[in-house]
Amino acid sequence: MDLKTRVVYNGQSFTKLGVSARNRVQFEGLIQHRRSSHSTKTSAAHKTIFSGIQPTGVPHLGNYLGALREWVQLQNGATEGTKLLFSVVDLHALTVPQDAPWLRNCKKEMFATLLAVGLDPARSAIFYQSDVSAHTELFWILSTVASMGYLSRMTQWKSKLQLPENTNLEDSAARAKLRLGLFSYPVLQAADILVHRATHVPVGEDQRQHLEFSRNTANSFNHLYGSIFPLPEALISPAKRVMSFKEPTLKMSKSHPDERSRILLSDTPEDIHRKIKGALTDSEPQLKYDPDNRPGVSNLIEILAHFEGKSCEEVVSEFQHSSLGALKGHVASRIANHLQPIRERYIALIENKTGYLEDVANQGSQVARSNAERTMKQVKEALGL
Ligand code: TYM
């Protein structure tokens with residue numbers, strides 16, 4: 001049974017995430033969903049779009065194509081009744097030890113970039129997660145229904161600790177290294193989404209598992225206490241996984257030690273040309289889109305396709321008589337031109353000393369707090385608190 005379908009939302013095409021039938025726990029979730037779906041169905045009039053991003057400083061091109069660009073498009077195409085909330089999820093950053101001044105700075109850089117890419121505070125609530133305490137309150141409540149078995153099968157804690165995918169909780173390395181916060185990270189993510197009764201969550205492919213878990217947890221809660229949470233749908237961006245320029249079998253990420261492996265949204269045109277020129281490709285003469293065997297060149301083709309709104313095949317046929325150098329030059333110019341106004345807005349925002357960013361964050365957290373409080377009232381009533 002294939003539960004992945006393409007949906008068109010606000011004129012854009014996304015992969016809609018269903019519940020994987022291969023996983024028994026998730027399948028139980030589906031059954032529960034059928035039981036409780038009579039009152040958790042989301043009506044077209046009540047769309048709530050929520051998403052979050054970690055405070056890693058200025059985001060990279062993968063964050064942009066996989067998430068931020070989609071957030072802005074969803075915002076700009078949203079109908080009037082749609083609620084839009086976007087959060088810099090600073091509490092999530094604490095799963096690894098943080099230096100306070102560094103984290104403060106990274107939060108601000110991320111916040112400024114969200115405005116620079118086009119999120120509009122008049123339309124979207126943009127806020128820091130730690131300013132809305134209902135996220136952590138609901139986290140605790142959801143942790144009483146979240147499945148340990150499900151959490152133990154999830155991949156993120158293993159990859160963060162560099163443990164093999166088949167590691168379980170009995171494993172001695174897991175016992176020595178694993179902290180509760182990292183293990184329960186998906187429960188906090190579910191709380192982020194559910195506290196706002198989000199119906200749509202735009203994310204990149206790497207968040208698919210977390211969205212399935214959020215749906216499963218919402219189902220468990222609804223089943224026990226009544227249908228309070230709508231089941232959030234993941235809107236997976238067409239740019240599912242932008243890959244590293246230095247190790248194109250890995251996704252682009254801030255944790256890669258080589259800064260040339262990624263483009264930041266604040267990079268200058270010279271930085272961008274230098275990084276793309278140095279991107280690892282192969283020595284095959286013919287241009288071909290083949291992510292499994294030729295990941296480096298395929299990544300560049302995909303990036304160009306996303307910027308130009310074309311298919312990878314169209315890009316290949318356009319460049320089939322060109323050299324790899326010419327393709328790289330074109331990709332770099334396309335990215336640099338697109339990012340130039342974002343970079344200029346970012347610099348103006350980060351250098352602004354009038355307290356504008358703080359004002360936007362305060363305004364956003366007020367909206368988010370009042371939205372979350374409404375959910376918490378219902379949740380507490382349902383629980384007898
Ligand atoms: P984070 O901060 O790692 O990434 C933010 C968004 O960027 C997408 N992304 C990518 N997309 C394509 N290619 C890449 N190389 C790439 N790298 C990152 C991610 O898919 C994501 O959409 N757990 C989340 C943050 C979070 C969250 C939430 C998201 C916390 N609570 C609630 C949605 C809803 C995370 O670490 O994303």
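Predicted model: local features only at pLDDT ≥ 70, side-chain atom pairs only at ≥ 80, totals over all residues.
Trainee: At what angle do helix α4 and helix α9 pack, and how far apart are their axes?

Mentor: One begins with the directions of the two axes and the distance between them. Helix α4, residues 134-143, packs against helix α9, residues 185-194, at an angle of about 120 degrees, and their axes lie 8 Å apart. The angle therefore makes α4 oblique to α9. The crossing of α4 past α9 is right-handed.

Trainee: Which residues in α4 and α9 meet?

Mentor: From α4 come His135, Thr136, Leu138, Phe139, Leu142 and Ser143, and these meet Val187, Leu188, Ala190, Ala191, Asp192 and Leu194 of α9.

Trainee: How many salt bridges does the structure hold?

Mentor: A salt bridge requires a side-chain nitrogen of Lys or Arg within 4 Å of a carboxyl oxygen of Asp or Glu. The structure holds 15 salt bridges. One of them joins the side chains of lysine 275 and glutamate 259, with an N to O distance of 3.7 Å. This pair links distant parts of the chain, 16 residues apart: lysine 275 belongs to helix α11 (residues 269-277), while glutamate 259 sits in the loop between β7 (233-236) and α11.

Trainee: Are lysine 275 and glutamate 259 buried or partly exposed?

Mentor: Here the relative accessibility of each residue must be read against a cut-off, since buried means under 20% and exposed means over 50%, with partly exposed in between. Lysine 275 has 3% relative accessibility and so counts as buried. Glutamate 259 has 41% and therefore counts as partly exposed.

Trainee: What separates arginine 274 and aspartate 271 in helix α11?

Mentor: Position along the helix is the point to examine. Arginine 274 and aspartate 271 are separated by about one helical turn, because they are three residues apart in helix α11. Their side chains meet in a salt bridge of 3.4 Å, N to O. Arginine 274, at 40% relative accessibility, counts as partly exposed.

Trainee: Which residues are linked with these in a network of salt bridges?

Mentor: The network of salt bridges links Glu259, Asp267, Asp271, Arg274 and Lys275.

Trainee: Where do glutamate 381 and lysine 377 lie?

Mentor: Both glutamate 381 and lysine 377 lie in helix α15 (residues 356-383), four residues apart, about one turn of the helix. They form a salt bridge in which the closest N and O atoms are 3.8 Å apart. Glutamate 381 and lysine 377 are both exposed.

Note on methods. Residues numbered from 1 in each chain as written. Heavy atoms only, no water. Axes fitted to C-alpha atoms, helices over the stretch in contact; angles between N-to-C directions. Helix = DSSP H or I, 4+ residues; strand = E, 2+ residues; numbered from the N terminus. Parallel < 35°, antiparallel > 145°, perpendicular 65-115°, else oblique. Left-handed = near helix turned anticlockwise from the far one by under 90°. Contact = heavy atoms within 4.5 Å. Buried < 20%, exposed > 50% of the residue type's maximum accessible area, 1.4 Å probe, protein only.
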